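This report describes a few places in the backbone that deserve a careful look. Please have the sequence and the structure at hand while reading.

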Amino acid sequence: MKEIRFHGRGGQGAVTAAELIAIAAFEDKKYSQAFPAFGVERRGAPVMAFARIADEPIRIRSQIYEPDYVIVQDVTLLDVVDLASGLKPEGKIIINTDKSAKDLLLKTKAEIVTIDATRIALEKLGRPIVNTTMLGAFCGATGEVSLESINKAILGRFSGALGEKNLDAIKTAYKGVSR
Amino acid sequence: MRRVVEGSYAIADAVRCCSPDVVSVYPITPQTHIVEHLSEFVADGKLDCEYINVESEFSSLSSLIGASVAGARTYTSTTSQGLALMFEVLYNVSGMRLPIVMTTVNRSLSAPLSIWNDQQDSLGVRDSGWIQIYAENVQEAIDLTPMLYKISEDPQILTPSMVCMDGFILTHVYEPVDFLDEEMVREFLPPYRPEHILDPENPKTFGAFADPSWFTEFKYLQYQAMERSREKIAEVTREFEEVFGRGYGGLIDTYAMDDAEIALVTMGSIVGTVKEAIDDLRSEGVKVGLVKIRSYRPFPGDELKRALKDASVIASIEKDISMGYEGALLTDLKGAFYNSSIRTPIIGFAVGLGGRDIGIKHVRAMVERASRVLDAGIESEFEIFDVKPECL
């Protein structure tokens, strides 16, 4: 089972991102689960969401404390939240930033993947909403879900031109982190 | 059809498949997306029913009394303070023998103000004459919806029922679920055709005044119907499995109970996490098993005795406290054994209050505590688990 923790701020769509990963993993014929860290939602406040992907039905319902992957939508959370808390050393943390990994001064043994998702989102979507762009980065950096399934999940949520723009942003981020 | 959807949406769709004639809800906090999706179904023409927005939970259930007594299949959903506000009406519904089905989304009761999950709300109305069945996951909550209509509407039962599902943990989770097929539900659950309804052509009185010479008899008949529901719950659960291919045991279900020395007893969404913990512990050689309580009312005393008779120690895990005594489930569990020859030590834990997260490490700690009873006897019969040291 792979466990993913999302960090964002209220209104940035962290919960939607977790849901879309769960839908994409299901498209990949896997079992999945996504849920928010339940709270009183306030725009701008730090929020978390969680997703699990597995080959077997998922029974556990606790929050995720030792994630395989962490996705950070907003780099300003670095000063507010212990983003790498519990992250497995062999895991990855994917951060939306225009800085390089070593400039972030993040204490973790896990690999730090950086992507300037805000720039990509502004360019492709015309708005600094990075949740879908970060899914492209997750997909490229981890391979835990296929790009086809992410795209399918996106089109299930956003129709028409908005859907296509999101796919473009996702593809750019995917290529930006793929090696 | 299997899809990944939010738990609340899945429940709304299950309700839609049961074709209620009247849905009456208070749409404002505390409420869930269940009723929001139902109102969308009605607006989109996917559900043909009378959908009533009322000004309080007291009114939502009261208006369903009127609808149900006129012969309608009825539905509502609420949670926490909303259920508390219904308290008086709950007894009216069960006393009038109306087969209303409600999804009770389990959330804590204020104060302090908390919007998160525990089961204090439904445990607090356990004596109100409603059947209460607790769902482990979204799929079970879906499947319970037509099952409970079938049980409640049976002429031999005519008792209202609650699908109890943990708030947020199940209502807000996205996970793959099998949707019910509307046609199959229609076959499984025939239309509600009550023998007695309000009808101007054939006037009757419901919920009438009963003086002391008759009140006891009403309660006796109500009690007997609840007793009959035991067999009905088991029967409908089997029937559901035959038609839909998903089985749930009966009033209880068991997990890894063969040769279990330490037996955990719990209900609701924590069951999944407990099963994971049991798999871990079993791989380490710890003989631990689980009895999952599905039906809390009627309480499965005989089933529990049979399932737990060979255990060396029993520990209940519950999300409520009966202030002034202990956990309500613990009391019920001990009561089931008292007049039997089984003298197994029973302890209990209150956990997950007001949304406190319960992980595998917590379950392991409770199993450790239970195993200590085997060596040292009972040191503490009831414990509020995971309290911060500064409060101890």
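## Backbone features in chains A and B

In this predicted model, B:R97 is buried, because 22 other C-beta atoms lie within 10 Å and 20 or more are needed for that term. The backbone of B:R97 has a phi near 60°, which is a positive value in a residue other than glycine. B:R97 is found in chain B, in the loop that runs between α5 (87-95) and β5 (101-106).

In chain A, a positive phi, near 55°, is found at A:L105, again a residue other than glycine. Is A:L105 buried or exposed? A:L105 is exposed, because it has 8 other C-beta atoms within 10 Å, and the term applies at 12 or fewer. The loop that holds A:L105 lies between β5 (92-96) and β6 (111-115) of chain A.

| Residue | Phi | Other C-beta atoms within 10 Å |
|---|---|---|
| B:R97 | near 60° | 22 |
| A:L105 | near 55° | 8 |

Which residue is joined to B:P298 by a cis peptide bond? That residue is B:R297, and omega of the bond is about 0°; B:P298 itself sits in the loop between β12 (295-297) and α11 (301-308) of chain B. The peptide bond from B:T29 to B:P30 is likewise cis, its omega being near 0°, and B:P30 belongs to the loop of chain B between β2 (22-25) and α2 (33-43).

Definitions and conventions. Residues numbered from 1 in each chain as written. Chains lettered and ligands numbered in written order. Predicted model: local features only at pLDDT ≥ 70, side-chain atom pairs only at ≥ 80, totals over all residues. Helix = DSSP H or I, 4+ residues; strand = E, 2+ residues; numbered from the N terminus.
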